[in-house]
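Hi,

Here is the structure I said I'd pass on. Have a look at it first, and then read my notes below.

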Amino acid sequence: MAAPELDHKTYLDPILARYGHAALHLMQILREAQEHFGWLHPDAIDYLTEQLHVPRTKIEGVASFYSFFYLQPRGRYRVLFSDNITDRMLGSKALMDRMCRNLWVEPGKMSEDGLVSVDFTSCTGMCDQGPALLVNNIAITRMTEQRVDEICDLIREQVPLAQWPAEFFRVEDNIRRKGLLLEDGFVPGSALQAAFAHGPEGMLDEVRASGLRGRGGAGFTTAIKWESCRNAPGEAHYVVCNADEGEPGTFKDRVLLNGYADKVFEGMTLCGYVIGARKGMLYLRGEYRYLRDHLEAVLARRRERRLLGANVLGQAGFDFDIEIHFGAGAYICGEESALIESLEGKRGTPRNRPPFPVTHGYLNQPTVVNNVETFAATCHIALKGGAWYAAIGTARSAGTKVMSISGDCARPGIYEYPFGVSVRQMLEDCGAANTQAVQVSGPSGVTVSRAEFDRVLAFEDIGTAGAFMVFDDSRDMFEVARNFVHFFAHESCGFCTPCRVGTSLLKNLMDKLHNGHGSPYDFQEIERLNALLLSMSHCGLGHTACNPVLDTIAKFRPAYEVRMLHQEFTPAFDLDWSLQAARQMTGRDDSGAHLHNEEEASR
Amino acid sequence: MSKTFTLDGKDVPFRDGQTIIEAALEAGHYIPHLCHHPDFKAHGSCKLCTVKVNGRQTASCTMQAAEGQVVESETEELNSERRALTQMLFVEGNHFCPSCEKSGDCQLQATAYHLNMMTAHYDHFFPNRPLDASHPDFLLDFNRCILCSLCVRASRDVDGKNVFALAGRGIKSHLIVNARSGKLADTDFSAADKAASVCPVGVILPKRRGFAVPIGERTFDKQPIDAYVDTRIARKEE
Amino acid sequence: MDAPAKKKLRLATATLAGCFGCHMSFLDIDERLFDLVELVEFDRSPLTDIKEVGPCDIGLIEGGLCNAENVHVLRDFRKHCRILVAVGACAINGGLPAQRNPIPLHEILSEVYLTEPGLAHSGIPNDPELPLPLNKVHPIHEVVKVDYFLPGCPPSGDAIWKFLTDLLAGREPELGHALMHYD
């Protein structure tokens with residue numbers, strides 16, 4: 001094997017040293033290696049293989065799983081347009097076309113001089129200030145034609161990203177309605193003091209009394225999770241904060257981490273206190289890479305104030321610290337067992353369960369995985385007590401919910417409500433008009449139609465992870481569902497047969513309808529696939545991948561019916577187009593060199 | 001007195017720690033499966049072994065057997081879903097049985113027969129997956145890979161080599177080998193490896209041995225797959 | 001006294017992008033052909049030399065879709081046959097011809113007619129009488145609705161006989177382990 005080139009060793013050595021030459025940190029090592037070199041060169045992989053004592057297949061397997069790792073050269077400037085439906089509605093496609101035209105590149109391909117590549121990526125969590133994109137994994141918001149042109153100039157002139165106008169990178173919090181979580185005046189350390197006063201069991205009692213349920217969407221009772229983990233035997237216990245906010249349309253964790261990081265870290269710390277953990281990890285989606293310096297600064301400040309480290313706040317024997325781990329573009333890592341795999345430097349494939357992470361999580365040890373917002377909420381429970389918290393919200397959904405509102409409304413942004421708020425109220429607050437539908441909780445959630453606007457946000461009615469995308473009368477709900485189906489096909493991890501193949505088949509069928517080849521036959525196929533995904537898939541991604549289609553079929557059937565252009569079965573591809581290559585090569589254009597669709601042919 | 005669960009109404013004994021499929025196969029009851037293999041740690045990816053346990057669907061290769069479970073397997077509903085999964089595997093790759101050396105000995109094909117699959121039903125993907133004929137003794141035809149990971153597990157857990165791994169994501173998932181060139185010849189793979197004989201389909205094939213067993217005498221010509229249950233691998237090698 | 005003759009069903013067969021092997025196998029039902037003609041009348045088929053398919057009860061299609069003419073014949077069959085059956089590997093999944101699918105058509109045509117020895121420099125045939133090849137070879141169910149599938153390369157005479165007798169008797173065709181083959 002050829003010796004790795006000196007330049008790879010030069011930048012890899014410090015990275016490897018920083019991560020103790022441990023393959024456990026492969027994700028972070030690859031990310032940093034790529035931040036340095038732009039892509040993962042085969043020589044770099046050779047060197048990592050040797051230094052980490054892992055087979056090359058391990059590195060290639062991991063690198064090829066995540067969207068943001070590149071095993072082939074990409075442009076020195078890597079532009080990724082966010083492809084959420086809200087970005088599309090704000091004109092992202094035309095902006096991307098404009099950029100590709102300006103820079104003379106094809107989407108998904110590197111320019112010949114290696115300068116730039118332009119492509120789509122899944123929702124980057126900037127839906128309230130889109131269209132958005134990432135350049136070399138750093139977020140840029142509020143794209144306009146003018147901004148596209150300016151970026152093209154900067155790229156052509158090869159201006160380093162650090163010298164681009166700061167305005168491009170400005171990310172607004174857009175907080176429109178504050179409740180207990182978003183209120184100001186939290187004193188770092190106060191919740192920990194309160195927790196220490198309660199003692200670990202007392203604190204757990206408060207969490208139990210609060211009725212707090214997980215804010216990541218599934219709504220599992222937090223106290224049960226903490227208690228099971230606390231009681232599980234293990235060499236070590238771990239706290240993991242799930243900040244892999246990948247559900248399209250969700251951006252509230254970004255705001256919580258930007259403005260309320262102390263509260264989030266403090267919640268993790270008091271969880272560590274309750275379950276007996278010494279280590280916490282924040283798993284932050286790669287799209288939020290720009291938050292790193294801010295979060296590291298908050299952690300450093302907390303260490304200075306002894307809110308982290310040995311004997312936290314003088315509590316003898318309670319040592320706790322927090323590390324930040326970055327994802328690299330994989331929605332599936334929001335699933336807790338896939339997230340843990342990723343933390344361990346592996347492909348983000350959901351594990352077989354049971355056992356569950358509370359007993360066999362990170363490094364096979366008892367682990368609590370909670371959402372950013374869940375941890376933040378526990379600070380208030382520590383301060384004011386479980387009973388106080390339980391009184392907010394509804395009977396089975398205690399507390400408040402931070403919602404990310406985007407789409408067709410005058411005031412997109414962050415709204416915090418007590419559980420029990422109606423969809424109608426939220427629409428009024430955000431200034432939505434002529435609304436025909438709301439997608440609550442992202443593509444995996446529920447499509448709420450006008451007739452259902454009196455339904456409320458609560459686990460007993462519409463459970464939610466926090467996304468609220470508004471669609472007015474001008475929107476085509478079929479195209480909304482099609483965008484979501486593309487998202488799932490792109491994000492399926494590929495582990496199980498039904499989801500790996502089924503999401504692609506579903507995507508092809510939705511495209512078939514979009515392309516005007518639909519018949520009632522395809523409609524039946526879509527329904528059959530939905531049923532199969534639901535019953536056979538390995539994890540929630542496959543189970544929910546059919547939700548947007550099932551919901552829009554049930555509630556917006558006319559949007560599908562207008563696409564049943566044919567009564568008879570029609571091929572998914574255009575037969576005449578399928579002769580194009582042969583026509584070109586033979587120079588023929590006679591009538592025999594064409595195939596028309598059957599209805600035309602019989603006319 | 002051993003513990004039992006019922007499978008389609010029949011009592012099946014099991015030992016603690018056994019999964020449903022392990023206990024069922026040991027007792028001579030076939031449950032369709034592709035990624036399960038009695039010698040290896042469960043993978044749980046093909047989903048063909050999905051059964052209903054007390055009314056809830058779950059993969060029987062990852063579900064621990066428990067006293068009194070009511071397990072349904074041979075139902076029209078489950079078999080029709082298994083057939084659909086098998087059809088998905090057929091359209092995802094390029095499965096041209098007539099020109100495949102593994103035909104007649106192929107578990108994917110035999111499972112499809114068992115499930116009465118007359119057509120792959122869906123539109124074919126016809127992916128482009130070049131062959132790797134670099135190795136002097138073996139060839140890899142990735143067109144037939146069903147991502148069961150049996151070769152990955154065999155090479156890692158039995159051969160101690162890590163010759164194979166899964167790479168990519170979603171529909172782009174694919175098998176890779178442990179060499180910078182991506183070629184089998186540049187790995188430490190050998191014909192004596194467990195991984196060389198574990199492929200349930202026709203991906204990992206010995207060279208210079210073409211259609212050695214006449215039609216009519218191949219593994220699944222003689223008996224359908226459900227007649228072999230979990231001893232089929234051993235019998236084949238006899 | 002003879003019972004009144006039951007109305008015979010009309011049966012048509014055609015080969016698209018196939019090798020006629022399925023038709024040869026059809027002939028392998030041997031003397032059972034005599035039984036068959038008691039039950040069916042042949043419409044378009046290589047056995048009759050009828051060139052255009054008329055209204056039929058059953059159409060058997062061998063082979064996949066490789067070119068424009070295949071598409072015309074298939075559509076004609078679909079239009080005229082109450083029950084359309086895909087017979088054999090090529091009709092069902094494209095078979096051997098579909099193994100060209102990963103290669104772009106222009107590369108194939110260039111290699112055959114322009115660059116490699118053999119037909120090289122003869123130019124790509126462009127006679128309007130010749131059907132143009134499709135970009136990819138397709139199984140027939142990707143272009144028309146197909147009612148039944150009879151796998152095999154070819155399906156054996158016994159399989160064809162079992163399939164047809166089931167169908168003609170109004171039963172759901174069922175091959176069973178012995179007759180079910182994809183090769």
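Keep in mind that this is a predicted model. I started with the place where chains C and A meet: across that interface, five residue pairs come out in polar contact, both partners at pLDDT 80 or more. Salt bridges are another story, as the count between chain C and chain A is zero.

On the chain C side, α3 (68-80), α5 (105-115) and β6 (133-138) each supply at least two of the residues that touch chain A. Sorted by class, that side of chain C has 13 nonpolar, seven polar and six charged residues.

How much area is buried between the two chains? About 2000 Å², with carbon and sulfur atoms giving 67% of it. Within chain C, the residues losing the most area to chain A are C:R75, C:L132 and C:N135, which together make up 33% of what that side buries. In terms of contacts, 26 residues of chain C meet 21 residues of chain A.

The other thing I looked at is a helix in chain A, α13 (residues 336-343). It is mostly covered, with seven of its eight residues buried. Those are A:S337, A:A338, A:L339, A:I340, A:E341, A:S342 and A:L343. What do they pack against? Their partners, also in chain A, are helix α2 (26-37) and the strands β6 (238-243), β7 (279-284), β8 (321-326) and β9 (367-371). After α13(A) comes A:G345, which has a positive phi, near 80 degrees.

Cheers

Key: Residues are numbered from 1 along each chain as its sequence is written. Chains are lettered from A and ligands numbered from 1 in the order in which they are written. This is a predicted model: local features need pLDDT of at least 70, side-chain atom pairs count only at pLDDT 80 or more; totals for chains, interfaces and linings use all residues. Side-chain values use heavy atoms; hydrogens and water are left out. Buried means under 20% relative accessible area, exposed over 50%, partly exposed in between (1.4 Å probe, protein chains only). Helices (H or I, at least four residues) and strands (E, at least two) are DSSP runs, numbered from the N terminus. Contact means heavy atoms within 4.5 Å. Buried area is the accessible area (1.4 Å probe) that two parts lose on being put together, summed over both. A salt bridge is a side-chain nitrogen of Lys or Arg within 4 Å of a carboxyl oxygen of Asp or Glu. A polar contact is a pair of N or O atoms within 3.5 Å; within protein, one must be able to donate a hydrogen and the other to accept it, and residues adjacent in sequence count only if both atoms are side-chain atoms. Ala, Val, Leu, Ile, Met, Phe, Trp, Tyr, Cys and Pro count as nonpolar, Asp, Glu, Lys and Arg as charged, and the others, Gly among them, as polar.
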